Amino acid sequence: MPDVLVWLMKAGAIFGILLGTAAYLTLAERKVSAWIQYRYGPNRVGPWGLFQPFADLIKFIFKEEVAPAGANPLMFRLAPFLSAIPAMLTVAVIPFGPEVRIGEVATNLSIVDLDVGALYLLAFSGLAVYGPILGGWASNSKYSLLGGLRASAQMVSYELTLILCLLAVVTLSGTLDLREIVTSQAERGVWNVFVQPVAFVLFVVATFAETNRHPFDFAECEPELVGGFHTEYSAMRFALFFLGEYCAMIVMAGLTTTLFLGGFGIPFVEDPHWVLGFLAFMTKTAMFLFLFLWVRWTLPRFRFDQLMGLGWKVFLPVALVNLFLTGAVVSLLG
Amino acid sequence: MVVVERKELTLAERLYLPEIFRGMAITFRKLFAKRVTRQYPEEPLPTTEVTRGQPRLVVNDDGNIACVSCGLCEAACPAYAITIDGHETDRTIEREPERFDIDMLRCILCGFCEEACPKDAIFMSDELELADYTRQALVYNIERLKRPKSALQARIDYVYRLNDRWQSSSSTS
């Protein structure tokens with residue numbers, strides 16, 4: 001089988017998994033929120049409401065699109081794509097599983113294995129900040145603009161912590177290739193979460209801020225800003241913002257799994273079958289996704305100055321010290 | 001001057017994480033708690049004989065409607081929801097309604113018709129659901145209002161008990 005065909009199949013499968021998971025994550029969010037609040041959640045469309053995402057999609061497609069009169073036409077239409085596409089692109093470097101062998105074809109279960117995978121991922125997730133800020137600015141609405149400003153300030157400041165924590169892991173593994181970070185954890189026999197507990201906690205919290213999730217969802221912040229940067233959006237463009245948020249959550253959950261929880265590795269199992277490896281990866285990622293939902297329906301929202309204070313005065317110094325200590329230990333032990 | 005003593009926060013409280021985990025433990029337990037939502041169309045609203053639902057006309061056990069079209073309920077109705085035309089019958093009770101319409105969109109479920117009726121012919125049932133696509137469809141005619149006496153018996157007994165109490169005791173005597 002030609003390489004291009006294999007690559008296309010891989011890309012299609014992984015992209016399908018990403019979008020399917022994002023669709024069902026919206027259902028999971030509504031279900032989890034309902035259960036926590038003694039409710040049933042959506043249960044009318046199909047068994048246990050399992051077809052709800054399709055109903056939502058159909059609704060989004062058939063709704064009328066409304067744009068404010070003063071909106072910048074180009075930017076207003078561009079922003080949802082800028083929000084959704086970087087989140088979808090970042091999934092390319094996440095290693096979903098070990099090497100797959102079917103017949104004579106052997107390939108790694110990720111769209112590409114870049115030597116600088118971590119860098120690529122950070123670069124593209126950094127682009128995601130353009131979606132909220134452009135959407136907020138182009139809407140010509142004060143609420144949208146405030147939401148966009150907050151989103152950009154928050155994403156930029158928490159990205160620092162995110163990068164510093166990732167660098168600590170990179171220092172340990174000595175590579176930016178995400179697949180090699182996974183294999184190095186398997187070789188060492190211990191997951192990075194036990195070697196880098198501080199970086200792990202900081203990374204997870206920074207992920208929440210980076211994806212604009214509770215308790216850091218100041219980009220939306222309904223009580224103050226109506227709907228934040230997507231106040232003025234409707235129909236499919238709103239759905240794209242939504243899709244971007246959920247795709248970013250999935251990628252970040254996958255990244256946390258890869259960096260700290262041994263990716264597709266299974267403890268005490270040498271060289272597992274690729275199906276098992278894939279399932280292990282998906283299980284760990286699903287746990288993180290559940291954590292996202294769980295935290296959202298547990299914690300109240302921070303105050304914006306508290307968020308910035310936490311990011312710059314606590315997380316950044318701690319992450320810096322952690323990186324410094326990691327570097328020192330690694331260079332001393334060689 | 002009042003000096004407010006601020007409690008010094010412990011390290012665990014300032015770290016904030018233990019409290020987060022405590023909160024998350026609580027919400028995790030609630031994931032499996034009993035649901036309180038009533039699944040409405042499948043689980044109907046609980047009703048008792050005190051429930052003052054839509055008025056319905058009593059059909060006696062011999063198959064004849066109890067109403068004699070005297071028009072008292074029509075007069076008592078504060079919302080002008082009732083319209084009655086009567087005609088004569090061959091029975092001992094010489095009159096019955098030819099037309100008895102209640103506009104359910106006007107009806108305010110006050111129960112005055114039930115109180116006004118001298119023949120125990122109209123009672124507030126426990127039927128509460130009211131939905132259709134046109135206004136005209138919600139003007140109920142006599143056929144849609146008829147209910148066998150057995151279906152309304154609980155309400156009839158309740159109204160009798162209530163009337164007995166009013167007769168036997170008064171707040172002014």
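Let's start with helix H5 of chain A, residues 130-138. Helices here are DSSP runs of H or I with at least four residues, strands are runs of E with at least two, and both are numbered from the N terminus. Which residues of H5 are buried? They are A:Gly131, A:Pro132, A:Leu134, A:Gly135, A:Gly136 and A:Ala138. Buried means under 20% relative accessible area, exposed means over 50%, and partly exposed is in between, with a 1.4 Å probe and protein chains only. What covers these residues? The cover includes helix H3 (73-89), helix H4 (117-127), helix H6 (142-173) and H11 of chain A. Just after H5, A:Asn140 takes a positive phi of about 60°.

A word on the source. This is a predicted model, where local features need pLDDT of at least 70 and side-chain atom pairs count only at pLDDT 80 or more, while totals for chains, interfaces and linings use all residues. Residues are numbered from 1 along each chain as its sequence is written, chains are lettered from A and ligands numbered from 1 in the order written, and side-chain values use heavy atoms, without hydrogens and water.

Now the whole of chain A. It has 13 helices and two strands. Its radius of gyration is 20 Å, and a compact globule of 334 residues would have one near 20 Å, so the two agree. That radius is taken over C-alpha atoms, and the globule rule is 2.2 Å times the number of residues to the power 0.38. Of the 334 residues, 52% count as buried. Take contacts, meaning heavy atoms within 4.5 Å. Among those between residues at least 6 apart in sequence, 78% join residues at least 24 apart.

Next, the inside. A nonpolar core is a set of buried Ala, Val, Leu, Ile, Met, Phe, Trp, Tyr and Cys residues joined through side-chain atoms within 4.5 Å. The largest one has 78 residues, and A:Leu255 and A:Leu259 have the most contacts inside it. Which helix gives the most to this core? Helix H11 of chain A, residues 235-260, with 11 residues. Apart from that core lies another, of 29 residues, including B:Ala66 and B:Cys107.

Look at A:Leu259. Leaving aside neighbours within four places in sequence, its contacts include A:Leu166, A:Val169, A:Ile181 and A:Phe203.

Buried or exposed? A:Met252 is buried, at 4% relative accessible area. A:Met252 touches A:Ser125, A:Leu162, A:Thr207, A:Glu210 and A:Thr211, not counting residues up to four places away. A:Thr207 is 45 residues away along the chain, yet the two C-alpha atoms are separated by 6.5 Å.

Last, the loops. A:Pro267 lies between H11 and helix H12 (274-296) of chain A. With a relative accessible area of 42%, A:Pro267 is partly exposed. Its C-alpha atom is 8.4 Å from that of A:Val190, 77 residues apart along the chain.

A:Asn212 sits in the loop between helix H9 (197-210) and helix H10 (222-225) of chain A. A:Asn212 is not a glycine, although its phi is positive, about 60°. It is buried, at 7%.

Where in chain B is B:Leu109? In the loop between strand E3 (95-103) and helix H4 (112-116). Phi of B:Leu109 is positive too, near 55°. At 27% relative accessibility, B:Leu109 counts as partly exposed.
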